[in-house]
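Open the model in a viewer and keep a selection tool at hand.

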Amino acid sequence: MHFPSKCIVSGGIIVFMKTIVCAEYQKEPVLRTMAEKNNGLLTDVRVKSLRNLIDTESFDSVVLQLQLAKLLQRQKDCFPIYADMFAYPAFIGEILSFARECALYDVQPDDLPAGNSMQRELKGILGQAISLDYSEKELYRDRQKYIERIAGMEKIAIYPQFEKDPFMHRMLKDLEKRCECIEPPTHAVPRKLRYALNMRQEIEAIAQDICLKEETCNVVLTAPSAQFPVLAQVFERYGIPFSSTHENHPLHLPKIFAALVRLGLEKDPAYLLDAIRMDAFQV
């Protein structure tokens, strides 16, 4: 593990720089905000993303794909369903990408569903991919060491950020418990509230809002039998094109949506497996 230099020498005195951990897209706004608070001056401060602070040995994706392709070609007879796909680099790349995600989630092939022959073959293929060496394995294995090293740095602070990568998200949460956290500037959020005395006026307000913004939108009716005839009359008068759908039977799509929302919020291996069982990923 290698961490960049964290101090500067001025006049024979070692001055530790303050390190702010933030997302890449936040670097410029963070520096600008700090400069504004300090009369336009900013010294001895650096901003780094968590990925930049963690320096792991990188593995060439092309080399890994070639290794996996060669490994699978030698075992084509074991995978009659997917054997023809081994000739396509895109398929090899998808398998390798998913295997690297599994390493960060600590998901093993045996944890994946095996309800039919296709799923069983995929488990075997992923088993071969997971056997290769890549940086995600080291990152998961030594994650606590990285946390200890970063938390032990002089003058380090965490800026609130949205991290979509599940592994980095968990590391940030652990670091927030041990490091200083910067309070982001608050911004007033404008709100527009509309009050209507009756249903027709409420629908009129919706129609006027659509005409002003000229954007496609969905209108969800809480009582379709009573509200839809009025909505149809008002929308026709305003010249707003619309179509309606009404479903009485349970849909699979909301279950997929709920599974993906839980995965996005919690970033937990169990929710990843739930999303896979719900067939949330087409590839």
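Select R46: with a relative accessibility of 10%, R46 counts as buried (under 20% relative accessible area; over 50% is exposed and in between is partly exposed, with a 1.4 Å probe and protein chains only). R46 is found in strand β4, residues 45–48; helices (H or I, at least four residues) and strands (E, at least two) are DSSP runs, numbered from the N terminus. This is a predicted model, in which local features need pLDDT of at least 70 and side-chain atom pairs count only at pLDDT 80 or more, while totals for chains, interfaces and linings use all residues. Residues are numbered from 1 along each chain as its sequence is written, and side-chain values use heavy atoms, with hydrogens and water left out.

Which side chain makes a polar contact with the side chain of R46? Show T19: the two side chains make that contact at 2.8 Å. A polar contact is a pair of N or O atoms within 3.5 Å; within protein, one must be able to donate a hydrogen and the other to accept it, and residues adjacent in sequence count only if both atoms are side-chain atoms. T19 also stands opposite R46 in β4.

Now select strand β3, residues 18–21. Four bridges join β3 to β4, and the two run parallel; strands pair if DSSP finds at least two bridges between them. I20 has V47 as its bridge partner in β4. Toward β5 (residues 156–158), β3 has three bridges, again parallel, and V21 is partnered there by I158. Display the whole sheet: it is open, has four strands in the order β4-β3-β5-β6, and its pairing is parallel. Since β4 and β6 (180–181) are at the edges and have a single partner strand each, one side of each is left without a neighbour in the sheet.

Follow the chain from β3 through α1 to β4, which together make a right-handed β-α-β unit; right-handed means that, with the strands pointing away from the viewer, the path from the first strand over the helix to the second runs clockwise. In α1 (residues 27–37), pick K27. K27 counts as buried at 18% relative accessibility. Leaving aside neighbours within four places in sequence, K27 is in contact (heavy atoms within 4.5 Å) with C22, V47, K48, S49 and N52.

Move to helix α9, residues 199–213. At its start, a side-chain oxygen of N198 comes to within 3.2 Å of the backbone nitrogen of R200. After α9 comes E214, with a positive phi near 55°. Colour the buried residues of α9, I203, E204, A207, D209 and I210; their cover includes α10 (224–238).

Last, turn to the nonpolar cores, each a set of buried Ala, Val, Leu, Ile, Met, Phe, Trp, Tyr and Cys residues joined through side-chain atoms within 4.5 Å. The largest has 30 residues, among which L68 and I125 touch the most other members. Helix α4 (89–105) is one of those that supply at least two residues, and its eight are the largest share. Beyond its neighbours within four places in sequence, L68 is in contact with I92, I95, L96, Q128, A129 and L132. A second, separate core of 19 residues includes I54, I147, A151 and C179.
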